[in-house]
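Subject: Structure for you to look through

Dear colleague,

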Amino acid sequence: MLQISGNMINFSDLSFIFRFLPIFLIVYYGVPYRFRAIVLSLGSLVFYAVGDIRNLAVFIICIAINYLISFKTAERRGAFLFLIVVLDATMLAFFKLAFSYGQGIMLPLGISFFIFKMISFQADLYMGKIKKFPGFWNELAYFSMFPQVTQGPIMRYEDYLKNDLISGEADMFLILKDRLILCFERLEEGLFWFALGFGMKILIADHLAMMWNDIGTIGYESISTPLAWAGAACYSLNLYFDFWGYSLMAAGIGVCLGFPFVENFNHPYAAGSVSEFYRRWHVTLGTWFRDYVYIPLGGSKKGNKKTAINLVIVWLLTGFWHGVTFNFLIWCLALLVMILAEKFILSKKEILLKLIGRINVLILIPVTWIAFAINSTSDLKNYLLRMFPVNGPGVAVNPGDFSKLSGMYGVFMVAGLILLIPAVFDFVNKHREKTVMKLAVLILFWICACFASMKAGNPFMYLSF
């Protein structure tokens, strides 16, 4: 396994799908339940080492420090909770800043995600939400578990405890026949979600990524206004189906291992406001900030001024979590302005909130993704001037580019727009137990595998965080 290339950390890579994953599942199900946390821990460390051997030591040191201090936080000693939160947050901030502005320092794989898991674990342990001290192997398995270590979702430890394949309940209280049936049911359900995410990644996200790259090749200062707006829609759909596809694949692997399905997206583009959009987008990150930052600060219960301050803190931290370059500051401040306007101005008129809220979600959210995507200030300025040609030519610049790229990638844009309709995905979910649906998803999987075999693996976009 150690000979597999670094692409193994990419869930859509065939080395992962046909080598690492089946071998791991065979070993995981083959050992007695008391060894499964050990297998998950060791397999996850191998997975991490293949993806980022240079920073494996950093990852292990973070785990070791959190494990040692967890003995004290379990005793509800506040000074140690404060200490470990400061240490974890400092580690994250150091690597974020060093990676963006330093020389030769690489961002450890998945640091934004595993640090947040560590902080939430310590806080839950301190507050008594974790009733029994986990022990070394369970804590190691939770921090390092390979379906989530690179890009989340940020699963809570309480969900880790629901895995009866690790606790032993599935082995101790069921006869062999029933255990086998339960295992196959979990594998079938998990692989169903995995295949759906695989399809979103390979058939939609990767093709839209090619369109976005083609726009960059033309040059942001040279694209026409129609293509600039099409590009905003393209990147929005690309990011959505890339990250939603990954989240479904990660959740599917988790189900195969006995964990509950972790929902990370809930049709965000059907939201009626920016606030609702981000309650539905990257759900586990949003609930993390809500539970460990916003509510402890007082939430919305201490008056409008305090609520506004708390929202500013949360969104500045959200921007920093994604990156420390200027474009992420622009991105989070633009969203913050819209959220504050919705909460304190538009909310006074329900009809106005519904109208402006939908405009914000469908038009302004894609504009903010441009700031998210382009980290060069000059490039960002050029792109926005093509979208809003307040000075200089707009449509007249390179007028044939829109028709050319829409002809090449229009079908993938349309497919993405169709899947934005909640009823489409809900129909698949509702009928997932039917044989016809299972067969359709199986065919989808093999079509995607064929596509993946003909091109180099395209990393998931959130792998860089």
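A disulfide is a pair of cysteine sulfur atoms within 2.5 Å. By this rule the count here comes to 0 disulfides. Cys183 is in no disulfide, and the nearest cysteine sulfur to its own, that of Cys256, is 11 Å away. Looking from the other end, the sulfur of Cys256 has its closest cysteine sulfur in Cys183, and that distance of 11 Å is too far for a bond.

Before going on, please note that this is a predicted model, in which local features need pLDDT of at least 70 and side-chain atom pairs count only at pLDDT 80 or more, while totals for chains, interfaces and linings use all residues. Residues are numbered from 1 along each chain as its sequence is written, and side-chain values use heavy atoms, with hydrogens and water left out.

For accessibility, I use "buried" for under 20% relative accessible area, "exposed" for over 50% and "partly exposed" for what lies in between (1.4 Å probe, protein chains only). Cys183, at 16% relative accessibility, counts as buried, and Cys256 is buried as well, with a relative accessible area of 3%.

Next come the pockets and the cavity. The search runs on a 1 Å grid over the protein atoms alone, where a cavity is a set of points at which a 1.4 Å probe fits but cannot get out, a pocket is an open set with protein on both sides within 12 Å along at least five of seven lines, and lining residues have an atom within 4 Å of a point. Grid points are joined across faces, edges and corners, and a volume is the space filled by probe spheres set on the points. The helices named below (H or I, at least four residues) are DSSP runs, numbered from the N terminus.

The largest pocket has a volume of about 630 Å³. It is lined by 22 residues, of which Ser275, Tyr278, Arg279, Gly286 and Trp315 are the closest to its centre. Two or more lining residues come from each of helix H12 (274–280), helix H13 (283–294), helix H14 (304–322) and helix H15 (326–344), and H13 gives the most, with 7 residues. Sorted by class, the lining has 12 nonpolar, 7 polar and 3 charged residues, where Ala, Val, Leu, Ile, Met, Phe, Trp, Tyr, Cys and Pro count as nonpolar, Asp, Glu, Lys and Arg as charged, and the others, Gly among them, as polar.

The second largest pocket holds about 540 Å³ of space. Of the 22 residues that line this second largest pocket, Leu187, Glu188, Leu191, Phe192 and Leu442 are the closest to its centre. Helix H1 (14–30), helix H10 (176–218) and helix H20 (435–453) each supply at least two residues of its lining, with H10 giving the most, 8 residues. By class, this lining has 16 nonpolar, no polar and 6 charged residues.

As for cavities, a search of the whole structure finds 1 of 30 Å³ or more. The largest cavity contains about 40 Å³ of space, and the residues that line it are Asp124, Lys129, Ile130, Tyr157, Glu158 and Leu161.

Helix H20 deserves a separate look. Within H20, the residues Met437, Val441, Phe445, Cys448, Ala449 and Ala452 are buried. They cover an arc of only 120° around the axis (taken from the directions from the helix axis to the C-beta atoms), which puts them on the same side of H20. The face turned away from that buried side carries the exposed residues Thr435 and Val436.

Finally, there are a few backbone details to find in the loops. Gly152 and Pro153 are joined by a cis peptide bond, with omega about 0°, and Pro153 is found in the loop between helix H6 (136–144) and helix H7 (157–160). Arg76 has a positive phi, near 60°, in a residue other than glycine, and its place is in the loop between helix H3 (56–73) and helix H4 (78–101). His267, also not a glycine, has a positive phi of about 50°.

With best wishes
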